[in-house]
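Morning, everyone. I have one structure to walk through today, and I'll keep it brisk. Here it is.

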Amino acid sequence: MSYEMNFGKEYNEKLPSLGDTMAKVIQFFGGKHIYGVGGDFAANIIAALDKDIDICPSSNEMHAGFSACAQAEIDGMGFCLTTYMVGSLPCTSAAALAVTEGLPVVFISGAPAESEVNQLAIHHTIHPNGSWKAEYDNALEAFSALGMRVERLQGQRLAGHPNLAGQSFYQIVAEAYKNKQPVFIEVPRDQVFAKTQPIQLPSCVDNICCGSNVLGGSELVVANIVTKLKQAQKPLLYIGDRLKHNTHLKQLIIAFANKFNIPYATTWFAKGLFDEYASLCLGAYNGVFTQTVGRDYIEQEVDYVIDVATSIFSQDCNIAFATGTHKIETFDNKTLLKGGSLLEKDLIDIFEKLLSSDISAFEFEPPIEEIAPVPTSEEIDFNNLAATLNELQADEQSPYVYLPEVGNSYFTSYSLKIRQSALGRTWLTNPWYGAMGTALPYARVVAQRIKEQSLADVNKQERAVIIVGDGGFHFQLNELINFLKDQTDVTIIYMRNNIFHLGKSGDGKIYHCNDGDFNVHHIISAYQGQSKTCTTVGDFKECFTAFSQMSGISLIEILAEPVEEKQCHELKLLNLYIKSKNGQADALMEWQELTQAE
Ligand SMILES: Cc1ncc(C[n+]2csc(CCOP(=O)(O)OP(=O)(O)O)c2C)c(N)n1
């Protein structure tokens with residue numbers, strides 16, 4: 001019995017293919033682009049999606065996965081497309097990143113046709129020649145082992161039976177959206193053009209029936225906060241990274257802060273969400289690792305903290321590496337609003353109520369920061385890079401969207417003062433998972449979005465700025481080809497020290513990531529870019545400003561010295577702390593002096 005006989009001719013004629021439904025669902029969740037690499041098992045999916053969605057080829061699958069992670073950070077949802085097994089398995093690191101950083105990324109993989117399974121061992125499966133049977137599910141199991149929801153879509157079993165593949169696709173993608181977690185979906189290649197039951201999409205993503213706030217008692221929570229606010233003189237909002245996908249809540253919190261003149265600071269992991277030039281913003285705070293006047297205010301003046309959307313389980317980087325110097329972590333007069341509801345509906349409820357509560361505005365004078373300019377004749381290195389970039393950014397209204405790579409560059413980037421980007425994020429990395437090799441795939445997405453924006457509005461002239469060590473750059477430089485193909489602009493600050501410096505603990509060959517004879521300028525010119533080696537702060541400033549105006553790829557090589565004096569403040573402190581923990585007497589004394597002086 002066919003569908004036609006079961007439900008009638010009209011219903012049968014209206015049935016969409018699974019591929020069409022997938023395109024519709026991806027678009028419904030805001031996906032205009034999908035990052036991927038093709039292959040025979042993905043060919044039908046590509047053919048089905050190509051007309052509606054911009055399929056952006058990546059230089060390999062891991063990069064496609066990382067770009068999809070960046071897309072989730074900026075656009076709210078990320079999409080990655082690969083072929084079966086050989087294509088999907090390289091995405092497991094990106095998937096682990098997405099699990100860790102809370103990113104809704106949909107990893108879509110082609111898969112053998114249902115009719116192919118159990119007939120023969122299929123290429124790309126994990127199949128030594130002594131096997132007695134074929135395994136088809138290794139990728140599903142690998143992604144599942146990361147704690148992700150995984151599914152292989154299924155077709156109709158018998159004529160007339162329902163084909164639910166389209167609906168299943170929607171449900172899994174909706175799950176990623178609701179939980180801010182990645183999902184993995186295999187699509188059998190014979191199902192892409194099969195008819196599936198039509199689905200009726202909700203009116204908008206806010207109506208995907210994930211419910212409203214089911215937690216009660218918000219009036220009491222609000223009343224308690226209001227009482228504490230009334231007793232306080234210098235309250236502070238301390239904001240965590242759970243907020244990064246919730247624009248509405250972000251706006252509510254800022255509206256609340258502005259209305260009552262309450263200053264706010266973020267955790268390290270939430271850096272990039274707010275304009276650090278705003279008068280109420282005290283920047284990203286992380287105990288002794290923070291060197292701003294914002295820190296002095298937080299540690300010496302604040303008398304009440306509203307801690308919003310920070311992590312449930314303490315994460316060492318975010319609490320000053322457990323040095324005991326993170327004052328908010330141990331602050332007594334504090335209200336914790338972690339947020340446990342789907343889409344932070346509980347926090348939205350609380351801030352909506354707080355916004356209309358009867359409190360008078362606080363007196364807050366932004367602390368004045370007096371920073372001496374870095375002498376232009378100084379050699380440029382990690383110790384003065386952030387201060388130099390801050391001077392450039394202070395004079396320039398258009399934001400630099402920073403993409404620091406794991407390594408010394410990552411730690412240095414916490415001293416960057418950032419403006420508000422139209423993308424909603426001005427500092428983007430994977431701060432907790434800490435995977436090297438992500439900055440270029442991330443920057444590709446940022447540069448694409450900046451280009452889209454500047455095409456739409458010529459006044460928007462933001463610039464993607466990567467800061468990367470030579471080891472990290474060499475992990476991923478094949479991705480440069482996509483900047484050339486996309487005709488996008490990027491500035492790369494290439495911190496060359498010829499070694500993997502961060503974490504180096506010996507002189508073994510394994511730490512040598514570069515060769516003294518390597519000429520990075522030849523690489524950049526192959527990609528039609530411009531590059532220069534800068535030695536002084538003055539040189540760097542001039543070159544950076546000139547490159548910011550140029551299109552295509554720009555690279556500034558800085559010859560970084562892997563010595564203590566040239567390290568950034570954050571790393572000097574971390575090293576000192578580690579040495580003091582290891583019992584080195586002078587380090588112990590220096591550390592005590594430093595932290596007792598606080
Ligand atoms: C995928 C991955 N592999 C290894 C590491 C461990 N790791 C962290 S930093 C680092 C060295 C970074 O060297 P480089 O990029 O040259 O920057 P530098 O610290 O020298 O400035 C390594 C190997 C990691 N974080 N991610």
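**A walk from the loops to the ligand**

Let's start with leucine 343, which is buried, with a relative accessible area of 11%. Before going further: this is a predicted model.

So, where does leucine 343 lie? Leucine 343 sits in the loop between S11 and H12. Its phi is positive, about 55°, although leucine 343 is not a glycine.

Alanine 309 is not a glycine either, and its phi is positive at about 60°. The loop between S10 and S11 holds alanine 309. Buried or exposed? Alanine 309 counts as buried, at 0% relative accessibility.

Now a glycine. Glycine 30 follows H3, and its phi is positive, near 85°.

That brings me to H3 itself. Helix H3 covers residues 18-28. How many of its 11 residues are buried? The count is 8, and the helix is mostly covered. Here are the names: Leu18, Gly19, Thr21, Met22, Ala23, Val25, Ile26 and Phe28. What do these buried residues pack against? Among the strands are S1 (33-36), S3 (78-82), S4 (105-111) and S6 (183-188). The helices are H4 (43-49) and H8 (165-179).

A word on helices in general. An α-helix has 3.6 residues a turn, so residues three or four places apart point the same way. Keep that in mind when you look at the list for H3.

Next, strand S11. Threonine 335 lies in it. Threonine 335 counts as buried, because its relative accessibility is 9% and the cut-off is under 20%. Its side chain makes a polar contact of 2.6 Å with the side chain of tyrosine 304. What else does threonine 335 touch, leaving aside neighbours within four places in sequence? Besides Tyr304, the contacts include Val305, Ile306 and Asp307. Asn224, Ile225 and Lys228 are in contact with threonine 335 as well.

On to charges. How many salt bridges are there? The count comes to 25. I'll show a few.

Take lysine 234 and glutamate 301. Their side chains meet in a salt bridge, 2.6 Å from N to O. This pair links distant parts of the chain, 67 residues apart. Lysine 234 is in the loop between helix H9 (218-231) and strand S7 (235-239). Glutamate 301 is in the loop between helix H11 (293-300) and strand S10 (304-308). How exposed are they? Lysine 234 counts as partly exposed, at 27% relative accessibility. Glutamate 301 also counts as partly exposed, at 36%.

Next pair: arginine 242 and glutamate 344. They form a salt bridge, with the closest N and O atoms 3.3 Å apart. Here, too, distant parts of the chain are linked, and the two residues are 102 apart. Arginine 242 sits in the loop between S7 and helix H10 (247-260). Glutamate 344 sits in the loop between strand S11 (334-337) and helix H12 (345-355). Arginine 242 is partly exposed, with a relative accessible area of 33%. Glutamate 344 is buried, at 5%.

One more pair. Glutamate 135 and lysine 133 meet through their side chains in a salt bridge of 3.4 Å, N to O. Glutamate 135 is partly exposed, at 34% relative accessible area. Lysine 133 counts as exposed, at 57%.

There is also a network. Glu73, Lys244 and Arg425 are linked in it by salt bridges.

Now the backbone around the ligand's oxygen atoms. A backbone N or O atom of asparagine 408 lies 3.0 Å from an oxygen atom of the ligand. For histidine 501, a backbone N or O atom is 2.9 Å from a ligand oxygen atom. For leucine 502, a polar backbone atom is 2.9 Å from an oxygen atom of the ligand. And how much of the ligand is covered? Taken alone, the ligand exposes 600 Å², and the protein buries 74% of that.

That's my tour. Over to you for questions.

Methods: Residues are numbered from 1 along each chain as its sequence is written. This is a predicted model: local features need pLDDT of at least 70, side-chain atom pairs count only at pLDDT 80 or more; totals for chains, interfaces and linings use all residues. Side-chain values use heavy atoms; hydrogens and water are left out. A polar contact is a pair of N or O atoms within 3.5 Å; within protein, one must be able to donate a hydrogen and the other to accept it, and residues adjacent in sequence count only if both atoms are side-chain atoms. Accessible areas come from the Shrake-Rupley method with a 1.4 Å probe; for residues, only the protein chains shown count as cover. A salt bridge is a side-chain nitrogen of Lys or Arg within 4 Å of a carboxyl oxygen of Asp or Glu. Buried means under 20% relative accessible area, exposed over 50%, partly exposed in between (1.4 Å probe, protein chains only). Helices (H or I, at least four residues) and strands (E, at least two) are DSSP runs, numbered from the N terminus. Contact means heavy atoms within 4.5 Å.
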